[in-house]
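Here is a friendly walk through one protein model, taken a few residues at a time. Keep the viewer open and follow along.

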Amino acid sequence: MADDVENSVLQPLQQLDMVFENAGQSDLPKRTVEKDDGYGCLTCRPRVLQGFNSIRWHVFWQCVFNFFEGFIVNGVINVIIPSLEKRYEMSSSRSSIIASSNDFGALIVLIFISYYGGQRNKPRIMAAGVFLMSVGSLIFSLPQFLGDKYMYTVSDGSNGTQNVCLTGKSNTSSGACEAGQSDNSVSNWYYTCFLIGQGFLGIGAVPMFTIGLTYIDDNCKPKLTSFYIGCTFCSAAVGVAVGYIVGGQTLSYFVDADKVDLSSVHLTQTDPQWVGAWWIGILISFFSFLFIGFPLLGYPKELPGYEQLQKLRKSEAHNDSANELTTRPNFGKSWRDFPKSFYLLIKNPAFLFICLSATAEALMVGGLATFGSKLLQEFYHVDLTKAGLIMGLITIPGSGGGMLLGGYLVKRFDWKFQGIIRYCGICMFICMLIAPSFLASCPSRPLAGVTGNYKYESSLTGLSADCNRDCHCTTAGYEPVCDGNHTVYFTPCHAGCTAVRVNGDVKEYLNCSCISGGVSTYTLSSSSELRSDAIGCSHMDQCPWFYVFCVLLFLNMLFTFMTMPASTTATFRCVQPNQRSLAIGVELLVVRLLGTTPGPILLGAIIDSACSVWQETCGQTGSCWTYRKFDLGIRLMVWFATLKLLGVIFATIAYKVYVPPPGEDTTIAVSSIAANVDDGKKSVSTRM
């Protein structure tokens with residue numbers, strides 16, 4: 001009797017163990033167990049370091065990496081882009097390619113890393129990528145250390161230049177052409193360094209954002225995936241914010257602080273020609289990536305408890321009978337399976353429209369991240385140091401808080417695939433309503449010849465007028481001065497001033513033929529000794545719209561970044577488990593190819609289309625000095641609203657075309673075991 005009872009109880013439990021084991025192996029590729037899965041390198045695996053051999057510590061190091069990746073790629077580089085435009089005489093369309101070259105590099109290796117790395121030692125591949133990013137940072141900084149000093153144009157001739165009316169002879173670039181300042185070969189060499197450095201940064205980050213995310217998903221409980229991914233994304237967002245702040249603060253130091261005596265620099269941060277020390281933040285990232293790579297090298301291919309975690313998973317993959325092929329144990333281990341695996345992914349309509357929705361978001365985020373600080377500078381009269389600080393302070397609670405909140409909400413409400421997509425669509429629709437915020441800008445003082453008239457002109461005829469026609473003025477340098485009527489003149493030369501006299505902290509412009517009232521001498525006081533004449537002319541006090549825009553920008557960031565960890569989780573949910581690495585790789589490929597790569601280029605072209613005065617040096621066009629604000633605001637509003645609307649449409653289609661599996665695939669066996677256990681209990685009670 002006792003033996004019968006014991007057998008009735010133990011038999012279902014033994015069946016339970018067997019089915020769990022079979023269920024864990026039926027939908028996942030068989031793993032090759034390494035001889036030692038402890039923490040360390042090669043045969044050196046000290047016991048004292050084994051406390052790091054957990055998913056929490058690995059997520060910590062991923063967060064540290066994401067922080068510095070965001071710091072350099074989307075923080076520092078984005079805030080220094082306007083300085084690079086001035087320093088190396090580039091248009092926004094040209095500088096935007098620097099930002100996009102990060103994606104050019106990533107696209108080269110994205111699919112290879114996603115597919116090949118998914119079956120190899122992921123942490124080692126991630127560490128190799130981190131070291132490559134260190135090399136990329138070094139290359140990006142080379143133009144500062146191997147190039148010449150920055151040459152700017154001032155009216156007092158202290159920099160070997162003249163920016164006053166020189167009748168009877170050419171004032172073209174004040175001798176810059178003869179000095180070879182605009183040597184195309186040198187400029188192209190600098191530009192190449194930026195592109196190669198950014199390319200290496202992009203290639204190095206690929207492993208962490210593809211196989212790194214699947215490494216987290218493989219080695220944690222399913223319900224914690226979204227939360228951990230949200231933590232890594234949040235770290236990246238905080239890194240972006242800190243990058244904006246640090247990058248902005250370094251721009252308060254003169255670019256050649258390592259080469260010249262700062263007391264001889266006759267510019268201030270408020271000068272349109274001021275260029276800050278853009279290279280300091282780049283060097284910080286160089287040393288940081290060197291440090292981060294070593295801890296990542298120590299992690300094994302699979303963390304302890306991997307097999308048990310796989311038994312807890314259930315599939316939510318899009319219902320497609322062809323996907324049964326991906327559940328075969330050896331599928332995906334050979335390159336011969338790649339075409340079929342890729343084909344099955346693109347046949348998954350839910351996955352495809354998630355990719356397209358994420359692409360629309362990336363087009364907006366990529367462009368706005370690259371030129372956000374520049375737009376603040378143009379719309380609200382703030383210098384780049386303050387613009388970087390503002391962008392950083394908004395980004396920390398906006399994007400960082402949005403990612404944490406988005407990951408938490410998915411975990412808290414345990415949304416399935418369709419619930420996640422519905423949530424993402426609502427967030428994007430709310431952002432679309434914020435698009436008119438780009439129409440809120442502060443007014444500028446009229447610029448003579450562009451947005452206002454010269455005294456002797458009845459209509460706008462450009463910067464040239466009768467009063468300065470014989471001065472041979474150029475737009476190589478922007479040194480604005482203003483008269484008593486608050487009309488701004490592009491330079492003292494354009495105001496018709498034939499000479500400048502420096503007296504302490506005051507500059508006196510003499511014989512200014514274009515100044516209203518016909519006075520022969522115009523005096524402008526500067527804030528400190530021998531400083532720029534731009535003070536009080538090119539910049540104005542901030543208007544109330546500035547604070548309104550900051551609030552709306554925060555809301556836009558919050559709702560945009562709330563969708564990112566949720567969207568990644570949705571990708572994991574709608575594909576087969578052993579296709580997750582490739583799915584993330586394909587999604588990043590589409591997002592980068594159609595989103596973050598063209599995003600800055602598209603927005604750069606939109607910004608350039610509203611330019612009113614271009615820099616002209618030796619007959620070559622450089623950066624833009626001033627913009628038509630209203631035209632720029634209208635174009636930005638249309639661009640923003642269109643992308644958000646596309647995101648909503650694609651999310652809605654993904655929701656509609658998704659077909660859930662007919663049953664809980666990997667839990668069917670578990671349910672039958674539970675039934676067997678119940679039957680066993682009933683049998684025991686009957687016999688007793």
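## Charges over rings

In this predicted model, Arg-94 lies over the face of Tyr-191, and the distance to the ring centre is 3.8 Å. A second case involves two neighbours in the numbering: the charged end of Arg-412 is placed over the ring of Phe-413, at 5.3 Å from its centre.

Pro-143 belongs to helix α4. Is it buried or exposed? Its relative accessibility is 1%, so Pro-143 counts as buried, the cut-off for buried being under 20%.

Which residues does Pro-143 touch, once those up to four places away in sequence are set aside? They are Tyr-88, Trp-189, Tyr-190, Cys-193 and Phe-194.

## Where α4 meets α7

Helix α4, which covers residues 122-146, also packs against helix α7, residues 211-218. Two packed helices are described by the angle between their axes and the distance between the axes. For α4 and α7 the angle is about 145 degrees and the axes are 10 Å apart. Their crossing is left-handed.

On the α4 side, the contact is made by Lys-122, Pro-123, Ile-125 and Met-126. On the α7 side, Ile-211, Gly-212, Thr-214, Tyr-215 and Asp-218 take part. Sorted by class, this contact has five nonpolar residues, two polar ones and two charged ones.

## Aromatic pairs and a cluster

How many aromatic pairs does the structure hold? The count is 31. A pair of aromatic rings is described by the distance of the centres and the angle of the planes. Take Phe-65 and Phe-209: their ring centres are 6.2 Å apart and their planes meet at 55 degrees, so the pair is tilted.

Elsewhere in the list of rings, one aromatic cluster is formed by Phe-379, Tyr-380, Phe-438, Phe-546, Tyr-547, Phe-549 and Phe-640.

## A buried arginine

Arg-592 is part of helix α17, which spans residues 580-596. Its relative accessibility is 10%, so Arg-592 counts as buried.

What is Arg-592 in contact with, leaving aside its neighbours within four places in sequence? Its contacts are Asn-102, Asp-103, Ala-106, Leu-107, Leu-110, Thr-597 and Pro-598.

## Residues in loops

Glu-89 is in the loop between α2 and α3, and its phi is positive, about 55 degrees, although it is not a glycine. With 23% relative accessibility, Glu-89 counts as partly exposed. Asp-414, in the loop between α13 and α14, also has a positive phi, near 50 degrees, and is likewise a residue other than glycine. Asp-414 has 43% relative accessibility and therefore counts as partly exposed.

Ala-257 sits in the loop between α8 and α9 and, at 36% relative accessibility, counts as partly exposed. Its C-alpha atom is separated by 8.9 Å from that of Gly-276, 19 residues away along the chain. Thr-487 is in the loop between β1 and β2 and is buried, with a relative accessible area of 12%. The C-alpha atoms of Thr-487 and Gly-452 are separated by 7.4 Å, with the residues 35 apart along the chain. Beyond residues up to four places away in sequence, Thr-487 touches Pro-446, Ala-448, Asn-453, Val-481 and Cys-482.

## The chain as a whole

Stepping back, the protein chain has 20 helices and seven strands. Of its 688 residues, 56% are buried. Among contacts with a separation of 6 or more, 80% come from residues 24 or more positions apart.

Notes
Residues are numbered from 1 along each chain as its sequence is written. This is a predicted model: local features need pLDDT of at least 70, side-chain atom pairs count only at pLDDT 80 or more; totals for chains, interfaces and linings use all residues. Side-chain values use heavy atoms; hydrogens and water are left out. Axes are lines fitted to C-alpha atoms, for helices over the stretch in contact, and angles run from 0 to 180 degrees between N-to-C directions. Helices (H or I, at least four residues) and strands (E, at least two) are DSSP runs, numbered from the N terminus. A crossing is left-handed if the near helix is turned anticlockwise from the far one by less than a right angle, and right-handed if clockwise. Contact means heavy atoms within 4.5 Å. Ala, Val, Leu, Ile, Met, Phe, Trp, Tyr, Cys and Pro count as nonpolar, Asp, Glu, Lys and Arg as charged, and the others, Gly among them, as polar. Rings of Phe, Tyr and Trp (its six-membered ring) pair if their centres lie within 6.5 Å; planes under 30 degrees apart count as stacked, over 60 as edge-to-face and the rest as tilted. A charge sits over a ring if NZ of Lys or CZ of Arg is within 6 Å of the ring centre and within 35 degrees of the ring normal. Buried means under 20% relative accessible area, exposed over 50%, partly exposed in between (1.4 Å probe, protein chains only).
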